[in-house]
Amino acid sequence: MMFGLIGRKLSHSFSPQIHKELGDYTYKLWEMEEEDVAGFLKKREFDGTNVTIPYKKTVIPYLDEISPIAQRIGAVNTIVKRADGTLYGDNTDYFGFSHMLSLGPCPVDGKKCIVLGSGGASLTVINVLKDLGAGSIVVISRTGENNYTNLHLHYDADIIVNTTPVGMYPNCGESPIELSNFTRCKCVYDLIYNPAKTALLLQAEALGIPYINGLSMLVAQGKRAAELFLSTQMDDSLIESITKKLSLAMLNVVLIGMPGCGKSTVGRLIAEKLDRRFEDTDVTVELNNNRRIPDIINTFGEDCFRDLEQEAVADICKQSGLVIATGGGAILRQENRNAIRQNAVVVFINRDMSALETQGRPLSSSPEKLKKLYDYRLPIYRQCCDVEVTTQPTPQQTAELILKEIGL
Ligand code: NAP
């Protein structure tokens, strides 16, 4: 059985990993230009295929039948070759978004929902929201009647769904709206899944508003597609287990903590165990600038070092699946805390102050300086981390404890 995905740029697709978990079949990536789509579908040398940007509409004229929901949305993301050789198109994103909504804390019926963006995914989202009885649905489009200049008219929205690509890798850190204005907001859904927490979701986290990213939607649409491919039914619990597995594989493990607490040594050990790349933001700053950090601080001052560190943190932390050791003071800037948390499980390595390395560390070079730093930073480390681990007698034991705590 041969299935796959057609689209223009597919190198970053997660679909092969998802389908590997869903069934024992070949799943290929078929990158093609628009003029090749018709020929590919006419040849029918596949048992089924998913369809992604920008061909979800393009494929429709070449299909023999499409489902009522795909007709309503006007887009097809799954094609099945039936026993008689005819092609049937469906839209499993509809199921995917319905599933994503079901994970939220509040039913949408009667609620005011705003949908950011008016592209393909927006149409799917609107249809699901309508079918679930949303009280009102307002689409915010840069060129529409409701746009980003009169957003204040909708600050009373209960539910916000982002279907724009704003904040998606590699343009991490951008948000389409300032969430704090939406004082009645009960849940934010962002269809983006890379990074795991977009700038919009980081705002939700800071404001204590429940939020869900697009990974569960992606996995749920894949599961529904696999059911259509194989003419079978699969348990919905698969969605959660695959989402969890993928999410853990994508997340960075970021180590934070005082200078000299062993982040680099422990980080290397964790990277080795997980067979992941290891990055050290301090080393990156030194390599980027061809100078040692004490030299940068003594010559240009701490602010200059922090600027260079911020660049390194932003570049490294937006990647996926790494083990990252950060400089002790990286968590001092809000920009860095956001960059660190956007795609990571953050581990605070807490080490007894008397055991901290101080040599060659100008900001913590005496016991008094060290104590002051520790007292100031401790609550910030604790606020920024997902897991706090106290150092063990050996770095190996600390690394093992961290892996156990984070479930990897
Ligand atoms: P699309 O057809 O290109 O639509 C995106 C819409 O976002 C545009 O129509 C535009 O609406 C708005 N937009 C684009 N650039 C913007 C900018 N710089 N600032 C503000 N608004 C902007 O793409 P799509 O297929 O709908 O996908 C949209 C997003 O959803 C992508 O990030 C995609 O990865 C994600 N997605 C996720 C899943 C999943 O399973 N999790 C499924 C489908 C899509 P206006 O011109 O009206 O402002």
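Cavities first. I count one cavity of 30 Å³ or more, where a cavity is a set of points on a 1 Å grid over the protein atoms alone at which a 1.4 Å probe fits but cannot get out. The largest cavity holds about 40 Å³, volume being the space filled by probe spheres set on the points, with grid points joined across faces, edges and corners. I find Y193, A196, N213, L215, S247, M250, L251 and N343 lining the largest cavity (lining residues have an atom within 4 Å of a point).

Caveats for myself: this is a predicted model, with local features needing pLDDT of at least 70, side-chain atom pairs counting only at pLDDT 80 or more, and totals for chains, interfaces and linings using all residues. Numbering runs from 1 along each chain as its sequence is written, and side-chain values use heavy atoms, without hydrogens and water.

Next, α4 on α7. Helix α4 (residues 93–102) packs on helix α7 (residues 215–230) at about 135 degrees, axes 7 Å apart; helices are DSSP runs of H or I, at least four residues, numbered from the N terminus. Axes are lines fitted to C-alpha atoms over the stretch in contact, and angles run from 0 to 180 degrees between N-to-C directions.

Last, α1 on α7. Helix α1 (residues 15–22) meets α7 at about 55 degrees, with axes 10 Å apart, so I log α1 and α7 as oblique too. I18, H19 and L22 of α1 make the contact with L218, V219, G222, K223, A225, A226 and F229 of α7 (contact means heavy atoms within 4.5 Å).

Key: Helices (H or I, at least four residues) and strands (E, at least two) are DSSP runs, numbered from the N terminus. On a 1 Å grid over the protein atoms alone, a cavity is a set of points where a 1.4 Å probe fits but cannot get out, and a pocket is an open set with protein on both sides within 12 Å along at least five of seven lines; lining residues have an atom within 4 Å of a point. Angles under 35 degrees count as roughly parallel, over 145 as roughly antiparallel, 65 to 115 as roughly perpendicular and the rest as oblique.
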